[in-house]
Amino acid sequence: MAKLLKGAPVSAALTEDLVGRVVALEERGIVPTLAIVRVGERDDDLSYERGAEKRCGRVGVSVRKFVLSPDCSQDELMDVIAKVNADESIHGCLMFRPLPKTLDGATACAALDCAKDIDCVTAGSLYGVFANRPTGFPPCTAEACIKLLDYYGIGLEGARVVVVGRSLVVGKPVSCMLQARNATVTMCHTRTKNLAEELSRAEVIIAAAGHIRTVGSDCVREGQTVIDVGINWDEKEERLVGGRGL
């Protein structure tokens with residue numbers, strides 16, 4: 001019988017832990033604060049923002065929003081980032097992307113202090129992930145994969161893990177994070193020859209290729225742990241699906 005690894009209990013456990021950590025900080029006179037930098041009023045940004053505020057509220061993290069008009073200048077955006085960097089009462093920053101095409105997103109991301117970069121948009125944060133150093137923060141989805149495996153007691157020491165995907169958002173970072181836990185990692189992608197054969201040898205599969213039905217029933221076997229982090233729109237079924245085709 002297959003076991004479904006649900007995210008809700010993992011989230012609840014993390015929330016409980018964070019509440020205690022926030023209380024401990026408040027006893028020292030520190031109020032953990034997240035800055036949200038948003039340009040414009042994109043529906044997906046607003047939805048994510050509401051979710052972030054709700055989550056922060058549950059654990060006691062304060063939120064400060066910096067909202068710019070969609071036609072703001074590069075200088076205006078850079079000024080906001082400079083303020084976030086200089087403000088010692090702000091401990092983390094979430095800057096919504098993609099930014100309008102009139103703005104240089106790469107320059108904006110590079111300007112953010114990696115110590116406050118909670119979304120791994122800076123080179124410093126990526127270095128921390130790739131070099132296994134305590135610099136910045138890893139991408140949230142990549143870290144969620146590790147938290148999920150830990151919560152359900154899926155051993156990584158020496159385990160054969162196949163990651164399908166090579167993006168800087170999930171594939172490459174989670175591969176490095178798994179190697180840091182002494183897993184034996186194989187990175188695959190949509191151009192990999194004999195993908196099913198590679199996946200059949202794995203004990204753990206993380207599907208993060210960004211394409212629907214990349215991992216089918218011919219790719220898996222009994223006893224494997226499969227984490228599907230894909231979010232794709234299935235035109236035929238008219239619903240959101242992952243990257244599997246099981």
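**Strand pairing, helix packing and aromatic pairs**

In the predicted model, R38 stands opposite V67 of strand β2. Strands β1 and β2 are paired in the parallel sense, and seven bridges join them. They belong to an open sheet of three strands, in which the order is β2-β1-β3 and the pairing is parallel. Strands β2 and β3 form the edges, each of them pairing on one side only. From one strand to the next, the twist averages 20°. Helix α2, comprising residues 43–59, lies across β1, β2 and β3, and runs at about 170° to β1.

Helix α3 covers residues 74–86.

Two aromatic pairs are present in the structure. The pair formed by Y48 and F96 has ring centres 5.8 Å apart and ring planes at 80°; because planes over 60 degrees apart count as edge-to-face, the pair is assigned to that class. Y48 is located in helix α2, whereas F96 is located in the loop between β3 and α4, so the pair ties together parts that are 48 residues apart in sequence. The two partners may also be described by their accessibility. Y48 has a relative accessible area of 44% and is partly exposed, while F96, at 6% relative accessibility, counts as buried.

The rings of Y151 and Y152 likewise form an edge-to-face pair, since their planes stand at 80° and their centres are 5.0 Å apart. Y151 is partly exposed, with a relative accessible area of 41%. Y152 has a relative accessibility of 19% and counts as buried, because the cut-off for a buried residue is under 20%.

Both Y151 and Y152 are touched by P9, when residues up to four places away in sequence are not counted. P9 lies in helix α1, which comprises residues 8–26. Between P9 and Y151 the separation in sequence is 142 residues, and the C-alpha to C-alpha distance is 8.8 Å. With a relative accessible area of 30%, P9 is partly exposed.

A further parallel pairing involves strands β4 and β5. Strand β4 spans residues 160–164, and four of its five residues are buried, so the strand is largely enclosed by the rest of the structure. Five bridges join β4 to β5 (residues 184–188), and the two strands run parallel. V164 stands opposite C188 in β5.

Methods. Residues are numbered from 1 along each chain as its sequence is written. This is a predicted model: local features need pLDDT of at least 70, side-chain atom pairs count only at pLDDT 80 or more; totals for chains, interfaces and linings use all residues. Side-chain values use heavy atoms; hydrogens and water are left out. The expected span of a helix is 1.5 Å times one less than its number of residues. Two strands pair if DSSP finds at least two bridges between them. Axes are lines fitted to C-alpha atoms, for helices over the stretch in contact, and angles run from 0 to 180 degrees between N-to-C directions. Contact means heavy atoms within 4.5 Å. Rings of Phe, Tyr and Trp (its six-membered ring) pair if their centres lie within 6.5 Å; planes under 30 degrees apart count as stacked, over 60 as edge-to-face and the rest as tilted. Buried means under 20% relative accessible area, exposed over 50%, partly exposed in between (1.4 Å probe, protein chains only).
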